[in-house]
Amino acid sequence: MDNVELRHAIADFALLVGRVEETGERVCVVDGGEPTSVLLPAGELAELEHFAQRAHGGARPRPRSRSGQGHPFGPDPQGPYIRYVHADRGRMTFVRDRVVVAELRSVAELDWLEDRARTARQGYMPQKQAAAFEEFLARQGPVGDGVAWIASSWRSQQPFTEIVFVKGPTAEDAALAYGADAQDIADGLLLHQVEEQDAREGTDDLTRVLAFGEENGWTWLGHHAFDHALSRSLDPPPEQQITLGATMAKALYTFSYFKDGAYQNPFPIEDGAEDRRDMYELIWYTPGEAPFAPETPLSFLNLHLRIAEKAGNWTDNIALFFEGLERAFGLTLPRNAITSGNVRCARPARR
């Protein structure tokens with residue numbers, strides 16, 4: 001990248017813009033040897049902006065130019081180009097024949113853009129490459145025990161009527177946010193201890209406790225949704241949340257997926273109804289048919305379900321759907337620990 005002193009750049013911007021347009025290379029403008037701004041091709045800046053706007057997080061605000069130099073208002077001819085000076089008087093856009101050719105940005109702003117764009121690009125793949133990689137991942141076996149094993153008892157509302165997986169909060173934090181008793185969490189109360197106490201004392205605490213743990217980067221929560229003793233919500237919403245709900249009396253089995261608080265899975269609209277539902281019923285899933293339309297956020301789940309169907313590990317539709325979730329999200333539940341009651345739990349907080 002060539003360096004040009006500011007006074008020379010001001011004297012003949014057209015020459016610099018022509019060089020950028022011809023070579024596709026950047027030109028750095030320096031003041032007394034210190035880099036202040038960069039003239040770069042408009043297409044390159046568009047690509048940086050595209051990726052930078054898709055990067056999540058980051059507390060550092062976008063730097064803005066603070067040039068004290070005055071510039072004429074309106075289009076400013078620069079040889080074959082027209083220069084448009086932005087309101088901050090530092091950024092400039094150069095146009096030829098109504099086509100944007102080059103942009104001038106401060107070094108600080110360009111560094112910020114490149115840093116953000118680099119972060120976003122790390123998760124980016126071209127469409128064909130992403131599809132191939134997605135199929136590779138889908139063919140990998142479930143991690144740990146998976147979740148398909150629990151489908152049969154879950155349909156009968158055992159050991160929980162609602163199973164929730166969240167990304168972000170720890171198991172303890174999630175349990176507290178759900179309204180679980182802090183002392184039970186601190187004491188390390190186990191599910192079998194509550195069951196044994198119920199047998200001794202004739203109580204029914206087992207249907208009110210919240211079981212919880214962490215597996216494969218997810219926090220899981222299991223409970224019976226028979227009353228409103230638990231809040232069943234997290235504030236702020238977690239990065240990802242998957243909820244599976246069973247209501248045996250109504251043959252109602254549901255799946256929902258939220259990402260950054262936004263509902264992700266569209267659902268069939270029956271009988272021309274236009275109102276949105278807040279759940280996806282698992283009875284809508286038919287093996288061999290894609291449950292999610294190609295343009296919907298959860299369309300990638302179709303591939304994982306197809307691989308699960310071909311694997312032939314399960315014949316029950318709900319177990320097949322659960323295996324699809326295993327493959328898509330890496331969900332797993334500790335089978336021996338849950339069936340033996342050796343998982344942590346807590347009763348609702350005392351009010």
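Tutor: Happy to! Two strands count as paired here if DSSP finds at least two bridges between them. The names come from DSSP runs numbered from the N terminus: helices are H or I runs of at least four residues, and strands are E runs of at least two.

Before we go on, a word about what you are looking at. This is a predicted model, in which local features need pLDDT of at least 70, side-chain atom pairs count only at pLDDT 80 or more, and totals for chains, interfaces and linings use all residues. Residues are numbered from 1 along each chain as its sequence is written, and side-chain values use heavy atoms, with hydrogens and water left out. The pLDDT is the predictor's confidence in each residue, from 0 to 100. For this chain the mean pLDDT is 85, and 84% of the residues reach 70 or more. Residues 268-276 have a pLDDT below 50, and this stretch has nine contacts in the model beyond near neighbours in sequence. A contact means heavy atoms within 4.5 Å. Where pLDDT is low, the predicted coordinates should not be read in detail.

Back to the sheet. On the other flank of S3 comes strand S2 (residues 27-31), and S2 and S3 pair in the antiparallel sense over five bridges. Val-29 stands opposite Ser-37 in S3. These two strands form a hairpin with two residues between them, and Gly-32 in the turn has a positive phi of about 65 degrees.

Next, look at S5 and strand S6 (residues 92-96), which are antiparallel partners over four bridges. Here Ile-82 has Val-95 in S6 as its bridge partner. Their hairpin has six residues between the strands, and Arg-89 takes a positive phi near 65 degrees there.

S5 (residues 81-85) also runs antiparallel to strand S4 (residues 76-78), joined to S4 by three bridges. Asp-76 has Arg-83 in S5 as its bridge partner, and Gln-78 stands opposite Tyr-81 in S5. In this hairpin, with two residues between the strands, Gly-79 takes a positive phi near 60 degrees.

Now put the pieces together: the open sheet has seven strands in the order S1-S2-S3-S7-S6-S5-S4, with mixed pairing. Strand S1 (2-5) and S4 stand at the edges with a single partner strand each, so one side of each is left without a neighbour in the sheet. From one strand to the next, the twist averages 25 degrees.

What lies across the strands we began with? Helix H3 (residues 42-52) lies across strand S3 (34-41) and strand S7 (99-106), running at about 100 degrees to S3. Axes are lines fitted to C-alpha atoms, for helices over the stretch in contact, and angles run from 0 to 180 degrees between N-to-C directions.

The peptide bond from Gln-158 to Pro-159 is cis, with omega near -5 degrees, and Pro-159 sits in the loop between helix H6 (151-155) and strand S8 (162-167). Another cis peptide bond runs from Asp-235 to Pro-236, with omega near 5 degrees. Pro-236 belongs to the loop between strand S10 (218-223) and strand S11 (240-247). Lastly, Ala-251 has a positive phi of about 50 degrees although it is not a glycine, and its place is in the loop between S11 and strand S12 (252-259).
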